[in-house]
Amino acid sequence: MSGRILTFNIFRYDPQDAADKPKMVKYQLEETSGMTVFIALNKLRQEQDPSLQFDFVCRAGICGSCAMVINGFPTLACRTLTAKYPKGEITLMPLPGFELIGDLSVNTGKFMRELAERLKLWLHPKGDDLNIHRLEDPMDPEEAAKLYELERCVECGVCVSACATKQMRDTFVGAVGMMKIARFELDSRDGRSADDFYHVIGNQDGVFGCMTLLGCQDNCPKDLPHMQQIAYLRRKMASTLL
Amino acid sequence: MKLIYTDCLVVGAGLAGLRVAIAAKERGHDTLVLSLIPAKRSHSAAAQGGMQASLGNTVKGLGDNEDVHFQDTVKGSDWGCDQTVARMFAHCAPKAVRELANWGVPWTRVTKGPREVVVNAERITIEEAEAAHGLINARDFGGTKKWRTCYTADGTGHSLLYAVDNKAISLGIPVHERVEALSIIHDGERCHGVVARCLITGELRAYIGKSTTIATGGYGRIYEVSTNAIICEGIGQALALETGVATLGNMEAVQFHPTAIVPVGILTTEGCRGDGGLLRDKDGYRFMPDYEPEKKELASRDVVSRRMTEHMRKGKGVDSPYGPHLWLDITLLGRKHIETNLREVKEICENFLGIDPAKDWIPVRPTQHYSMGGIRTTPTGESPQLKGLFAVGEAACWDMHGFNRLGGNSLAETVVGGMIIGKYVADFCDDNDLVLDTGLAKRYVDKVRAEIDGLIEGSGTENSWELKSAMQRVMMDYVGIFRNGPELDEAVKQLKALLARSVNLGVSCKKRHANPELVEALRVRRMLKVALTVACGAAARTESRGAHAREDFPQRNDKDWLCRTLASWPDANALEPTLGYEPLDVMQMELPPGYRGYGADNAIAHPDTAKREAEIAELLAALGPNASREAIQQALMPFELPESLRPANERLADRLNGLVNTDTTGSPSTPNIAGDDNS
């Protein structure tokens, strides 16, 4: 089966090489049926340019490694079918808002770990008498289901790179930070109060910095309800002032 | 030479590695984790269906306990597992589930009252007890007598990994991301750490630790099509192999999962069938009841994969440009169920196949999925040959899976194994000093540096990607679901030729820092050695057991093959591993080899089986009819655990029985209310 010829315009830059300058490089590749950007990039690297840097881990839309900007939109490359682009022209850029490792590879891991440490994004259990040998504490089944809904974030960084506030204010926690706060705020097992969360995100770096441009929600590959959660947190934070 | 030292060094930041790191850190040890990628991206995140633990909260799980979980696991392993380890595991699984709830996992919970479920293609109503409301729920999985698989929709691995990594962050455990271990530093008797390379800067570092734990996952990517993440390349196993001392166990035991989507090999969870999904052929016919009338789609994975392959060989597969496949039909579960409990499956179907699984059947076929083999360890998780070298999770052959792993037992192994072995690792760090032999470390760093120099400056002409894909095709074509002597011999021959060629590897990209081609070149030779341990082990094992199915030796042969394959690579320049075997002692087994419950019982019995059965009957008679199951178990096969993990697991039935029956004679054993089957 012979497919059409795809044209890839790929951002190339090695920040560790002092002599290198950022540039766009054009590659061509024959499309195969069911081809994803994951498959295409690997073919390009194996057959045309072994120095091409990009990140994939699960290649199944589960791990969040491979977010990049494809024809202007940040998304997961592993599950983006090349068939989606009728002109056969695909421009790939690294996610903005993160440290560039090289070409399409950015250091989202460093960002997410720092965010988790700064916002204390882990469960702070109410009690310290939790006994793993005894029957577990019951939890409302609906609450558990809601928590899972909010927990589906894969830390891909798309919401951060699609956020205008984040581009202007580097310390802004982004939708990913607020989604996680919302997840722990909702969790009845977490001992923190709205006041505690206010100290973390009740400011311009948190809920009051959001300009409601919806880039996070529009691009989130997991369709998480970012705006609803940010609005919810704003109401919660405002109520702590009363 | 950059040198970094710690108490507890862990290589791999998936669930197993992180859980060990947490255990060591909680005991006050300085702990450091190395990872190719950010921890939350680890392959653990991809586990969908759930984690087995005998909580017995749901009506379909009533009567479940450690004994039933143990028996299912041993039968699932086709008697290839270490029964002591299976016992340690079954005992601690409920504790791990409950601990994870305390760390934030939003386990799907039981809702009291009637609910509709699909069992054997029929919609039935089951009634959950009022007292179970809000407790942790469980779904059905293959090869289990009870509904035992705890889950969060079909994103269980994701939920667990996030909770465990968050716990590690809260404890301040550093993870050195984008770092790849390339060599184990050892003196022939004790392991002292690893040489690792920073994938961003290219810097080589010696990481020295009192203990070193390998938790790098499986070796699925030695196959062309695999459900595994692309980082699951078996490098951890290769590092152990390259010590020339440490052994790998049962590397030929490779599991194929029945339902990966065609062609890309992405997994759809066993939960699809557990929740009532069916397998259909090109005529839309449900064929599994013809082959396995009792367990049908929920026979264990090796069995379902073989039956599917048999059925396709009869011409009943659906033709596609990628070869034949079958259909997974979950439409009967209804849209609401799919969009809540199987939503990852739905997303995968939408994004990769462009279909709606609530309306359309899913094209599937058996695909490489799990590595039962790995770095051979004792029940405490330590290499028998190299003191201070531990292995955990899929990287290890701790050996609770034997020759076939049950669905839901791998996610469980990561956290349960990590919980248990983490305590032994902490004990080791308590009892041993750090040995900081910089001369020794330098020798290993220099060796890796020379390897890199050779690739970059040498005149090698072989291309890494070409060698790798040739290896992957050999494994796929000749070391697959069904195996036979001539094909395995061919595989060994071709893999040896590839390994010989790998001496002449070269790279065209000459950068010493971030260089994907160099990364590939450093891996492929190591992967070839792992592939050879699989192929040679399979060629030598002339029987069929679990996932290792020889067409020329279809019987399970307990008489000659009730043993664990050990592979080592003492001569670095050799083209094949050295194989050895350790016997599994029937006289020490709580459950001597028997009929597994699939097809005809054609096993060749071990001479000790009858002897052991008689001995067990005698022991049971001596204990009398009123002995508790704990007492029986202790008499048949005592096992050790760290003290803090020894207490009994409480279950809902214990509490309910306590309410009804207030006398003190009550043993914790519970009536088998749900019956002994899946019906």
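**View 1. Polar contacts between chain B and chain A.** Between chain B and chain A, 42 residue pairs are counted in polar contact, with both residues of each pair at pLDDT 80 or more. On chain B, the side that touches chain A receives two or more residues from each of helix 3 (83–102), helix 4 (156–170), helix 10 (343–353), helix 15 (516–540) and helix 19 (652–660). Sorted by class, this side of chain B holds 38 nonpolar, 24 polar and 18 charged residues. The model shown here and in the following views is predicted.

**View 2. Extent of the interface of chain B and chain A.** In this predicted model, 66 residues of chain A are in contact with 80 residues of chain B. About 5800 Å² is buried between the two chains, and carbon and sulfur atoms give 53% of that area.

**View 3. Salt bridges across the interface.** Eleven salt bridges are found across the interface of chain B and chain A. One salt bridge joins A:Arg79 to B:Glu347, whose closest N and O atoms lie 3.2 Å apart.

**View 4. The second largest pocket.** The volume of the second largest pocket is about 1100 Å³. Its lining comprises 38 residues, of which B:Thr108, B:Tyr151, B:Lys336, B:Thr340 and B:Asn341 are the closest to the centre of the pocket. Two or more lining residues come from each of helix 3 (141–150) of chain A, strand 4 (113–119) of chain B and helix 9 (335–341) of chain B. By class, the lining of this pocket consists of 15 nonpolar, ten polar and 13 charged residues.

Methods:
Residues are numbered from 1 along each chain as its sequence is written. Chains are lettered from A and ligands numbered from 1 in the order in which they are written. This is a predicted model: local features need pLDDT of at least 70, side-chain atom pairs count only at pLDDT 80 or more; totals for chains, interfaces and linings use all residues. Side-chain values use heavy atoms; hydrogens and water are left out. Contact means heavy atoms within 4.5 Å. Buried area is the accessible area (1.4 Å probe) that two parts lose on being put together, summed over both. A salt bridge is a side-chain nitrogen of Lys or Arg within 4 Å of a carboxyl oxygen of Asp or Glu. A polar contact is a pair of N or O atoms within 3.5 Å; within protein, one must be able to donate a hydrogen and the other to accept it, and residues adjacent in sequence count only if both atoms are side-chain atoms. Helices (H or I, at least four residues) and strands (E, at least two) are DSSP runs, numbered from the N terminus. Ala, Val, Leu, Ile, Met, Phe, Trp, Tyr, Cys and Pro count as nonpolar, Asp, Glu, Lys and Arg as charged, and the others, Gly among them, as polar. On a 1 Å grid over the protein atoms alone, a cavity is a set of points where a 1.4 Å probe fits but cannot get out, and a pocket is an open set with protein on both sides within 12 Å along at least five of seven lines; lining residues have an atom within 4 Å of a point. Grid points are joined across faces, edges and corners, and a volume is the space filled by probe spheres set on the points.
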